[in-house]
Amino acid sequence: MDIKHLEGIGLFQGLSKDQLAEVARQADEIDVEAGKRLVSAGRFGYEFFVIENGTCEVVRGDEHLADLGPGDFFGEMAILGDTVRNADVVASTAMTAMVMTDSQFRHLARRMPDVADQIREKCRQRTKELQTQA
C-alpha cells in the first residue's frame with residue numbers, strides 16, 4: 001500500500017512518516033464494486049476498513065444507520081476485542097479502502113505499540129460518539 005494514501009486520513013493524523021510506512025506495510029488496499037457487502041451483522045470480524053474513496057452504507061436490519069465516505073472507518077470492533085459485527089456495511093458506490101486484519105494489527109502493535117494504541121483510542125472515541133448520537 002502506498003503511504004500517500006494514508007496521509008490526510010484522520011485515523012492516522014499525527015503519525016510520523018516512518019509510522020505511516022509501517023501501517024502501510026501491514027495493510028492491504030482493495031477495490032470494491034458498488035453493492036458489495038463488506039461486513040455482515042452477527043458474523044465474527046477479523047478486519048477493519050478505512051475508506052480512501054467512494055461511499056458505503058451502514059444498516060442494521062431495515063434501519064439505515066449511517067453513510068460513510070473518504071476518511072471514515074468501520075469494522076474497528078475487530079481490533080478492540082469485540083469481534084461480532086453489529087451491523088451490515090455495503091458499498092454504495094465503487095470504492096477503494098485500506099483493510100487491516102486483526103493479525104496484521106497485532107503485528108503492528110508488537111512493532112509499534114504507541115501507533116496501535118493511538119489507533120485503538122481513536123476507534124474508541126468514535127464508538128463513544130456514535131453511542132451518544134443513538
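This is a predicted model: local features need pLDDT of at least 70, side-chain atom pairs count only at pLDDT 80 or more; totals for chains, interfaces and linings use all residues.

User: What makes Arg 85 count as buried or exposed?

Analyst: Buried means under 20% relative accessible area, and Arg 85 has a value of 9%, so it is buried. Among the residues that Arg 85 touches, leaving aside those up to four places away in sequence, are Val 39, Arg 43, Phe 44, Tyr 46, Glu 47, Phe 49 and Ala 78.

User: Why is Val 84 called partly exposed?

Analyst: The label partly exposed belongs to values between the buried limit of under 20% and the exposed limit of over 50%; Val 84 has a relative accessible area of 38%, and therefore it is partly exposed. Together with Phe 44 and Tyr 46, Val 84 forms a nonpolar patch on the surface, with about 310 Å² of accessible area together.

User: How do you know that Cys 56 and Cys 123 are not joined in a disulfide?

Analyst: A disulfide needs a pair of cysteine sulfur atoms within 2.5 Å, whereas the sulfur of Cys 56 is 15 Å from the closest cysteine sulfur, in Cys 123, and so is too far for a bond. Cys 123 is likewise in no disulfide, and a search of the whole structure finds zero disulfides.

User: What makes Cys 56 and Cys 123 buried?

Analyst: The limit is under 20%, and because Cys 56 has 0% relative accessibility, it counts as buried. Cys 123 has a relative accessible area of 0%, so Cys 123 is buried.

User: Which residues have the most contacts inside the largest nonpolar core, and which elements supply it?

Analyst: That core has 22 residues, and those with the most contacts inside it are Leu 11, Phe 12, Val 23, Phe 48, Met 98 and Ile 119. At least two of its residues come from each of α1 (17-26), β3 (47-53), β8 (95-101), α3 (102-111) and α4 (113-133), and the largest share, four residues, comes from α4. Apart from this core lies another, of 15 residues, among them Val 39, Cys 56, Ala 91 and Met 95. In soluble globular proteins, nonpolar side chains tend to be buried together.

Definitions and conventions:
Residues are numbered from 1 along each chain as its sequence is written. Side-chain values use heavy atoms; hydrogens and water are left out. A nonpolar core is a set of buried Ala, Val, Leu, Ile, Met, Phe, Trp, Tyr and Cys residues joined through side-chain atoms within 4.5 Å. Buried means under 20% relative accessible area, exposed over 50%, partly exposed in between (1.4 Å probe, protein chains only). Patches are made of residues with over 30% relative accessible area and no salt bridge: like charges are joined within 9 Å, nonpolar side chains (Val, Leu, Ile, Met, Phe, Trp, Tyr) within 5 Å. Accessible areas come from the Shrake-Rupley method with a 1.4 Å probe; for residues, only the protein chains shown count as cover. A salt bridge is a side-chain nitrogen of Lys or Arg within 4 Å of a carboxyl oxygen of Asp or Glu. Contact means heavy atoms within 4.5 Å.
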